[in-house]
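Hi,

Here is the structure I promised to pass on.

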Amino acid sequence: KVKNIHAGHRKRLRTQFLSTDYTNMPEHQILELMLTFVQPLKDVNPLAHNLLNEFGNLANVLDASLEDLKAVKGIGDVTANYINFCSRLPEIYRISKARKNTKINNPGEIVSFLSAPVDFASVAKFYYICLNGKGEVLCFKTMGSGSVSRLFVNNRELIQQILKYPTHSVVICHTHPHGMPKPSTEDRKFTRELNDLL
């Protein structure tokens, strides 16, 4: 019999990931290991290479839109959604850890609470945190629509959302993913208007 050189390959990938420094694993192997969980009966090595050839590196694969992923041969809805889901797990993990601290009493705690979503924002996003009189978080949400550098938030809609809770104070934040964090003239104007409305 001719020996199948791929026999046990998936097990070897899992073992390598768990027993070695996975930061030194080639990106095609990490991507291949990811794909084995969503395409369990198929040799996904060629697919991993196709994705890296198309997008350049693993980070770009994870950042790719569903439409761009599905344009790669061998990627259907399920696999595209799985890759998209995997790309969001670090953000979900960090937000979950941050929510263990449900009290915010000073600016440092605000920065700590918001660091996870802000770090992972690839487009301009607006966040608000409603707090009660003890500084306990009543809600943490995002709203508005934005692109890489522009953001639109409806003041009236924001006030309506805030008033759904017994809110004592509000923290607002928005990201500048590809620019300096210094507030623009429009940022300052928006903040003053919102302060007056509240």
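Predicted model: local features only at pLDDT ≥ 70, side-chain atom pairs only at ≥ 80, totals over all residues.

**Aromatic contacts**

F113, Y127 and F140 form one aromatic cluster. Residues are numbered from 1 along each chain as its sequence is written, and side-chain values use heavy atoms, with hydrogens and water left out.

For aromatic pairs I took the rings of Phe, Tyr and Trp (its six-membered ring) with centres within 6.5 Å; planes under 30 degrees apart are stacked, over 60 edge-to-face, and the rest tilted. That rule gives 3 aromatic pairs. One of them is F126 with F190, an edge-to-face pair with 5.8 Å centre to centre and 90° between the planes. This pair links distant parts of the chain, with F126 in strand β1 (residues 126–131) and F190 in helix α9 (residues 185–197), 64 residues apart. Helices (H or I, at least four residues) and strands (E, at least two) are DSSP runs, numbered from the N terminus.

The cut-offs are under 20% relative accessible area for buried, over 50% for exposed and partly exposed in between (1.4 Å probe, protein chains only).

Y127 and F140 are a stacked pair, because their ring centres are 5.7 Å apart and their planes at 20°. Here too distant parts of the chain are linked: Y127 is in strand β1 and F140 in strand β2 (residues 137–143), 13 residues apart. Y127 is buried at 4% relative accessibility, and F140 is buried at 15%.

**Two helices**

Helix α2 (residues 27–36) has 8 of its 10 residues buried, so the rest of the structure largely encloses it. Among the buried ones are I30, L33 and L35.

In helix α8 (residues 155–162), the buried residues are N155, L158, I159, Q161 and I162. They cover an arc of only 160° around the axis, so they sit on the same side of α8; the arc is that of the directions from the helix axis to the C-beta atoms. The buried residues of α8 pack against β1, β2, β5 (169–174) and α9, with contact meaning heavy atoms within 4.5 Å. N154 caps the N-terminal end of α8, with a side-chain oxygen 2.9 Å from the backbone nitrogen of R156.

Cheers

Terms used
Polar contact = N/O pair within 3.5 Å; in protein donor to acceptor, adjacent residues only side chain to side chain.
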